[in-house]
Amino acid sequence: MSTLIEPTALTNPVEKVLRNDRIPTIWCPGCGLGTTVNSFAYALMASGADLKKTAIVSGIGCSGRVSGYVALDSFHTTHGRAIPFATGLKLANPELTVVVYSGDGDLTSIGGNHLIHAARRNMDILVVCVNNMIYAMTGGQAAATTPGAATSTTTPYGSFEPELNIPQLVDAAGACYVARWTAFHVKQLEKSMTEALKKKGFRFIEVLSPCPTLYGRRNGYADGLAQMKEYKEMAKVKNGAPTYEVAITHGQPIIVGKFVDRDRPDYLTLMRSQLGAHYHEVAEVGVGCGDESEGKEGCCSC
Amino acid sequence: MHAEKESVLTGTHFINGDTACCEGLLAAGAKFAAGYPITPSTEVVERFAQRAPTVGGLFIQMEDELAASITLQGMVWAGQKSFTVTSGPGYSLMMEHIGYAAMTETPCVFVDVQRGGPSTGLPTLPAQGDMMQARFGSHGDYSTISLVPNSPQECFDLSVKALNLAEKFRVPVMFMMDECVGHMTEKVVIPEAEEIEVQPRRRTSKKPDEYLAYEVGEDLVPEMAHAGEGYGLYVTGLTHDKKGYPLMNPKQQRELVTRLFEKISRAADELTIVEADGVEGADVVVVSYGITSRVAMRAVHLAREKGLKVGSLRLICVWPFPEKLIRELAPKVKALIMPELNMGQVVIELERFAAGRTKVISVPHPGGTVHDPLEILEAIERGAQ
Ligand code: SF4
């Protein structure tokens, strides 16, 4: 005799870090984005980060919607500019844990310059780049990450440009932590995200993720699962691999793992040590409390 | 609330407009800023980079203006007052984020030290060619505030006001300087901190579970919470509901965009900021703003010497345009004269509100230098006929 489980007894273990009133998501069936968010949710809980002091910033695109499904302070900014917005948040309130979660087109193409410079100045933020190898939200146009042989709506004969090796780019620019996983590697991804959340400096994780609707369909994958199977079969874990060897090449193994893990002083640490006595710490946020009537304790002198 | 003592350089100084602008923004409570170098505005952030750490703030030079114009908004949402400074080409690059600030109601100041354009134009010479861009530059429809100083003293006084208005109405305020005013060195008196009124951030007094980020009261301006305060903010450039959640339909679009306009239009009286000289009983009134107003004043004096009844109306707040004032003034005069360092931008609004009830004479100038006062005098004489 089977036991009937009360539906009310079932809870999603990551529920408390999701905005449940925003779910279901807008994402297609078979999309890998939700899977990456699941790993991120577990990582948030495992990292011990104070969720009230954690902000998530996205740019535009399918991946750009991630910020709106996570129960943190969520900022859905403009196309390509999540990193500079996140930079402003972090600089003005160093207590915040700041995560940028966006797509490959957003972060590496229109926002590519910001990616380079945030890594160079070692801004203390974590960047998760979901790479679906296509501009999905706009209908499947070629991205800087689209593999040469693949077709898209704007490259119907295949792309004539080699794809970008993102880990190599951020490594060269000075990132402290660089890893790549796929939506198939949920546990490794979660572990990597947890580790990266706890680390200081500019941290970068690339996650390959199936887009069955706009990439897979045109490039010989029957559905999201077919792309997941390819990740499973083609992925090769190579921790510490030199990033110049991890380019994604059609028909070749997909190198995943943690490629870079190093320490160097982040922007604010360097600023404080260089300024020394010239820096005068702000006691409180410098905008006044807007509440002159109550004269609360710890309030500014407004 | 008044300015913090440590941020205010009280005293009498001999400084240029760019420096005075920096001191004004500091006095108004900005301790954080992001920028990217561009002539003729760079002195503002050079000064700020030196001053900010001494008051517990910082300046970051970003990789471009696209970055600077949104980094400052991150600073605002983290709880600080912030601004950026640019000129011509950089201002064009910042347009998208002026729209983002208008949509998300992020209080901040964009300083544009105008130079000759289009394109790279005249990097070291003045113009007022960005006035329509200040009003309509970003895509979509929004309403904001533009203040135009005509002296280093006003670069101080009005930059304080600019940040105060930004905080009060939760809009990006355009501080429209020009190369002349920016590089001109004059006496600037900075008062005691207690004499400088500062608008505090309009922070919510509600608890997180009662708070709706875009719920508004009487003045249509929502109260703010910051990242890291436990409010679980949702901020997006998409059309959104009171919670801040994306809600994209015609009804919500109407509600939101109408409110973004109305919060400014309702304050039309407060935002009518002008300086009038001999307007009462004048036959002809010269309407001008910024550096051009100083040249116009010379023309007004010359005309008065010739016995003409001429007044001067200087627009200190150009946007929103002082519609009511112009509607009332137009039927009382023979002509309104508008010199500007562009091919005729704000004069379009002047004509619109004069609505055929008086002659409107434009005195355009492509920039690179200021008008010859005699050009303006000639227009006054034509108007007086
Ligand atoms: S279009 Fe592609 S990336 Fe976007 S939600 Fe659908 S499957 Fe995911």
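Student: Before we start, how are residues, chains and ligands numbered or lettered here?
Tutor: Residues are numbered from 1 along each chain as its sequence is written, while chains are lettered from A and ligands numbered from 1 in the order in which they are written. In this predicted model local features need pLDDT of at least 70, side-chain atom pairs count only at pLDDT 80 or more, and totals for chains, interfaces and linings use all residues.

Student: Okay, strand β1 of chain A: how many of its residues are buried?
Tutor: Five of the five residues in β1(A), which spans residues 54–58, are buried, where buried means that 20 or more other C-beta atoms, placed from the backbone, lie within 10 Å of the residue's own. Strands here are DSSP E runs of at least two residues and helices are H or I runs of at least four, numbered from the N terminus.

Student: Which residues sit on which side of β1(A)?
Tutor: Thr54(A), Ile56(A) and Ser58(A) are on one side, and Ala55(A) and Val57(A) are on the other. In a regular strand the side chains alternate between the two faces of the sheet.

Student: And which strand does β1(A) pair with over four bridges, in what sense?
Tutor: One partner is β3(A), residues 97–103, which pairs with β1(A) in the parallel sense, with Val98(A) as the bridge partner of Ala55(A); pairing requires at least two DSSP bridges between the strands. Four bridges also join β1(A) to β2(A), residues 73–76, again parallel, and there Ser58(A) stands opposite His76(A).

Student: Now chain B: what is the strand order in the open sheet of five strands?
Tutor: The order is β11-β13-β12-β15-β16, with mixed pairing, and the edge strands β11(B) and β16(B) each pair on one side only. Within this sheet, β12(B) and β15(B) run parallel and are joined by three bridges, and Val285(B) stands opposite Leu336(B).

Student: Last one, is Ser159(B) buried or exposed?
Tutor: Ser159(B), found in helix α6(B), residues 152–169, is buried because 30 other C-beta atoms lie within 10 Å. Beyond its neighbours within four places in sequence, Ser159(B) is in contact with residues including Cys21(B), Leu25(B) and Phe175(B), contact meaning C-beta atoms, placed from the backbone, within 7 Å.

Methods: Buried ≥ 20, exposed ≤ 12 C-beta atoms within 10 Å, placed from the backbone. Contact = placed C-beta atoms within 7 Å.
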